[in-house]
Amino acid sequence: MDNKEKNPPKVRNTDGLTLKKRGGQRLTREQVQEIREGRKKLRREMRERGIKSRKEFELTASSLGLYFDRPRFGFLWFFSGRGLWALLGALGLLALVLTIFSMVTQMRGLFTINLSQGMFREGYSLSEEITFRAATGNLFSQPAVDVPCISVVQIPDKIYDNSVWENPVSNDQQDTTQKYRDAGCFYYTFYIRNEGESETGYVWDLNIDSEDKKLADALWVMVFEDEEMTFYAKADEQGAPQALPAEGNNTVGYRKAPFIDMAKNPEQQYSVIAEREDFTYYRLRPVPFLSETLVASGQQETVAPQEIHKYTVVLWVEGDDPHCTDELIGGHVGLSMQFRLVDESKGKDETSRWWDGLDFWND
């Protein structure tokens, strides 16, 4: 073998691909540019929401495919003249792994709202404000931290209007946490609007994505859809719907029926135990979770262009629930609300955001 065979000339890249990879696949210059633009837009959107942590940005970007693979090197290359750089790279990779682990720990309990690809393409958008000044394809909230167990009757009446906390609300983490502590529960209000040209319908699912210490066993949930409210809790050990006080126990009861004026099915969720001269005793009947990981589902059969619907989700650990014990201390639960078109198939990989419109996403 002559010298030319030992050192063949470099071949010019003619396939249009760069050395950048995502998921092990080489990317074109256009795809690389789109990922970079997507990262810029995501960073800008998160900063507008007051989320400036690089850790949270990288975790979110990675989960959405807005990343490039880290370069990998062979074993022999490590001992080449650039071995020092390889060592530094290995140390950096170790730091990255530790950072990701830290991010996953911090992001536990996050509440997210997502649109499917079909809804995104039909022109639907989400917003925390009815003005849709900052419309987006997804929303997420900081988790509630160290919120105590409370009774449903302690939840403030203003929860639906998202105005429980009277002080000005900033996007600072500490202020957000204080907001939930003042209310004694987690609550989040948002709006969805059909900005397309067609009348369509959609379905929503409220899912439990992560949990430890079986915190969801004592978790109660209220969902306000426009002016109608339904509250939910897990079924008991026999699979029967819960009730507080328990069915057959008429010696105690609640002296108020919280949010009964907004209840979608008040006759099913509230019943009178006894009536006195000054007040009435009530029993509360939450709708059972649909499964271990699915809290509830709902549907809007037809939504006209520019039509808006309002949602408020309230989560709390019910102090009167028999599962509310000291064993739940330190536990967490993370939920998400997924929206999809009525005729769109259900699947975890079908949720979408504004970057689904990028060409490389569907390659």
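In this predicted model, six strands form an open sheet in the order β4-β6-β14-β8-β9-β12, and their pairing is mixed. At the edges stand β4 (124-127) and β12 (287-288), each with a single partner strand, so one side of each has no neighbour in the sheet. The chain has 363 residues, of which 44% are buried, and it holds seven helices and 16 strands.

**Strand β14 and its partners**

- Strand β14 is largely enclosed by the rest of the structure, because nine of its ten residues are buried.
- Strand β6 (residues 186-194) pairs with β14 in the antiparallel sense, over eight bridges.
- Within β14, Leu 315 stands opposite Phe 186, and Val 314 is the bridge partner of Tyr 187.
- Strand β8 (residues 219-225) also runs antiparallel to β14, and seven bridges join the two.
- Thr 312 in β14 stands opposite Phe 224.

**Aromatic pairs**

- The structure contains 17 aromatic pairs.
- One of them is formed by Tyr 180 and Phe 186, with 4.9 Å from centre to centre and 45° between the planes, a tilted arrangement.
- Are Tyr 180 and Phe 186 buried or exposed? Tyr 180 has a relative accessibility of 1% and Phe 186 one of 6%; both count as buried because the cut-off for that class is under 20%.
- Tyr 311 and Phe 339 form an edge-to-face pair, because their planes lie at 75° with the ring centres 5.5 Å apart.
- Since Tyr 311 belongs to strand β14 (residues 308-317) and Phe 339 to strand β15 (residues 332-341), this pair ties together parts that are 28 residues apart in sequence.
- Tyr 311 and Phe 339 are both buried.
- Ring pairs link these residues into a cluster that includes Tyr 180, Phe 186, Tyr 311 and Phe 339. Also among its members are Phe 111, Tyr 124, Tyr 187, Tyr 188, Phe 190, Tyr 202 and Trp 204.

**Charges over rings**

- Which ring does the charged end of Lys 310 sit over? The ring is that of Tyr 160, and the charged end of Lys 310 is 3.8 Å from its centre.
- Arg 255 lies over the face of Phe 279, at 3.9 Å from the centre of that ring.

**Gln 142**

- Gln 142 is placed in the loop between β5 (138-141) and α6 (173-183).

**The chain as a whole**

- Among contacts with a separation of 6 or more, 77% are between residues 24 or more positions apart.
- The chain exposes about 20900 Å², and carbon and sulfur atoms supply 50% of that area.

How values were computed: Residues numbered from 1 in each chain as written. Predicted model: local features only at pLDDT ≥ 70, side-chain atom pairs only at ≥ 80, totals over all residues. Heavy atoms only, no water. Helix = DSSP H or I, 4+ residues; strand = E, 2+ residues; numbered from the N terminus. Phe/Tyr/Trp six-rings, centres within 6.5 Å; stacked < 30°, edge-to-face > 60°. Buried < 20%, exposed > 50% of the residue type's maximum accessible area, 1.4 Å probe, protein only. Lys NZ or Arg CZ within 6 Å of the ring centre and 35° of its normal. Pairing = 2+ DSSP bridges. Contact = heavy atoms within 4.5 Å. Areas by Shrake-Rupley, 256 points an atom, 1.4 Å probe, with all protein chains shown as cover.
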